[in-house]
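Have the viewer open and follow along.

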Amino acid sequence: MHNRDESISTTDFSRLCQLIYEEAGIVLGSQKKTMLEGRLRRRLKALEIHSYRAYCDYLFSDRGQREELVHLVDVVTTNKTDFFREPAHFEFLTSQALPEWAAQESNRRPFLIWSAGCSTGEEPYTLAMVLSEYARAHSGFSFRILATDISTVVLEKAAGGIYSTETVRPVPHALRVRYFMRGREPGSTRVRVVPELRRTIEFRRLNFMDSSYDIQIKADAIFCRNVIIYFDRPTQQSILTKLTQHLRPESYLFMGHSETLHELDLPVDPVAPALYRRLHGRF
Ligand SMILES: C[S@@+](CC[C@H](N)C(=O)[O-])C[C@H]1O[C@@H](n2cnc3c(N)ncnc32)[C@H](O)[C@@H]1O
């Protein structure tokens, strides 16, 4: 019997990398082999499979492609996120993007925002708090949030809206009091997003690698932060071309601070670092 702790062979590693690239767009370099072995160990255990070789046989079988691929994607995605991550974006939203939007006579409908690559929900819930605060101060303003990710595990966690008190620490005190409920058990270290806030968000699985995105909306803003760093340039070009088609003219696209769209051919103008604006007309 093989030992679970053997390493992935070079051939299997390159097959896995190719599959992960084709399925999720994620580029795994050879330096990620140990990381992949570590993360796959949980899958081997869950499936009671005792070697990476046998795991690959299963994964590449018809049944594995149907049932295991989704778990492989869960395992290889990096889901690091935070409440109020890169806070300047939320300030820009309330001080500039929302007043501009509200000033347009025609905007009598809800403001639509898309958190694309939402991970465990901290980003869309931050948006929901910021937009709710704006609505409290501006009567007649309402909003809806679409939050998507490829990983079913993070989406499940996000939809539950349950976090540790440690995780919600970056949330300003007044907002924490207004938008989170404490766990019922005495001494609980968990809090839950209040139902009114949870109801403003629709969580959905969406793979950026799909040939087109099955969403009917044109967003008034898109947050796609700290996602494209995992893709190569051709994949970034292809994904952002599709994404910007779902952004209304003159609306804003928020990227992660280490992500630049320089050298990509997209219908957006740079406004500030990591901030872009959809052009009129073209495309
Ligand atoms: C590092 S998190 C970023 C979370 C949040 N946007 C932020 O900035 O805090 C990146 C997310 O992108 C998702 N992702 C990776 N590849 C994807 C794909 N092909 N389609 C959709 N989401 C993907 C991952 O599952 C992960 O949750």
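In this predicted model, Leu-19, Ile-20 and Glu-23 of helix α1 touch Leu-69, Leu-72, Val-73 and Val-76 of helix α5. By class, that contact between α1 and α5 counts six nonpolar residues, one charged residue and no polar ones. Two further helix pairs and a cavity round out the picture below.

**Helix α1 against α5**
- The two helices pack with their axes 11 Å apart, at an angle of about 95 degrees; α1 covers residues 10–24 and α5 covers residues 69–76.
- An angle from 65 to 115 degrees counts as roughly perpendicular, so α1 is roughly perpendicular to α5.

**Helix α1 against α3**
- Helix α1 also meets helix α3 (residues 52–59): their axes come within 11 Å and cross at roughly 40 degrees.
- The crossing of α1 past α3 is left-handed.
- On the α1 side the contact uses Asp-12, Arg-15, Leu-16 and Leu-19, while α3 brings Arg-53, Cys-56 and Leu-59.
- Sorted by class, the contact of α1 with α3 holds four nonpolar and three charged residues, and no polar ones.

**Helix α6 against α7**
- How far apart are the axes of α6 and α7? Helix α6 (residues 88–103) and helix α7 (residues 122–137) have axes 11 Å apart and pack at an angle of about 50 degrees.
- That angle makes α6 and α7 oblique to each other.
- α6 passes α7 in a right-handed crossing.
- From α6, the contact takes in Phe-90, Leu-93, Thr-94, Leu-98, Pro-99 and Ala-102; from α7, it takes in Thr-126, Leu-127, Val-130, Leu-131 and Tyr-134.
- The classes in the contact of α6 with α7 are nine nonpolar, two polar and no charged.

**The cavity**
- How many cavities of 30 Å³ or more does a search of the whole structure find? The search finds one.
- The largest cavity holds about 350 Å³ of space.
- Its lining is made of 24 residues, and those nearest the centre of the cavity are Thr-78, Gly-117, Asp-149, Asn-226 and Val-227.
- By class, the lining of the largest cavity has ten nonpolar, nine polar and five charged residues.

Key: Residues are numbered from 1 along each chain as its sequence is written. This is a predicted model: local features need pLDDT of at least 70, side-chain atom pairs count only at pLDDT 80 or more; totals for chains, interfaces and linings use all residues. Side-chain values use heavy atoms; hydrogens and water are left out. Axes are lines fitted to C-alpha atoms, for helices over the stretch in contact, and angles run from 0 to 180 degrees between N-to-C directions. Helices (H or I, at least four residues) and strands (E, at least two) are DSSP runs, numbered from the N terminus. A crossing is left-handed if the near helix is turned anticlockwise from the far one by less than a right angle, and right-handed if clockwise. Contact means heavy atoms within 4.5 Å. Ala, Val, Leu, Ile, Met, Phe, Trp, Tyr, Cys and Pro count as nonpolar, Asp, Glu, Lys and Arg as charged, and the others, Gly among them, as polar. On a 1 Å grid over the protein atoms alone, a cavity is a set of points where a 1.4 Å probe fits but cannot get out, and a pocket is an open set with protein on both sides within 12 Å along at least five of seven lines; lining residues have an atom within 4 Å of a point. Grid points are joined across faces, edges and corners, and a volume is the space filled by probe spheres set on the points. Angles under 35 degrees count as roughly parallel, over 145 as roughly antiparallel, 65 to 115 as roughly perpendicular and the rest as oblique.
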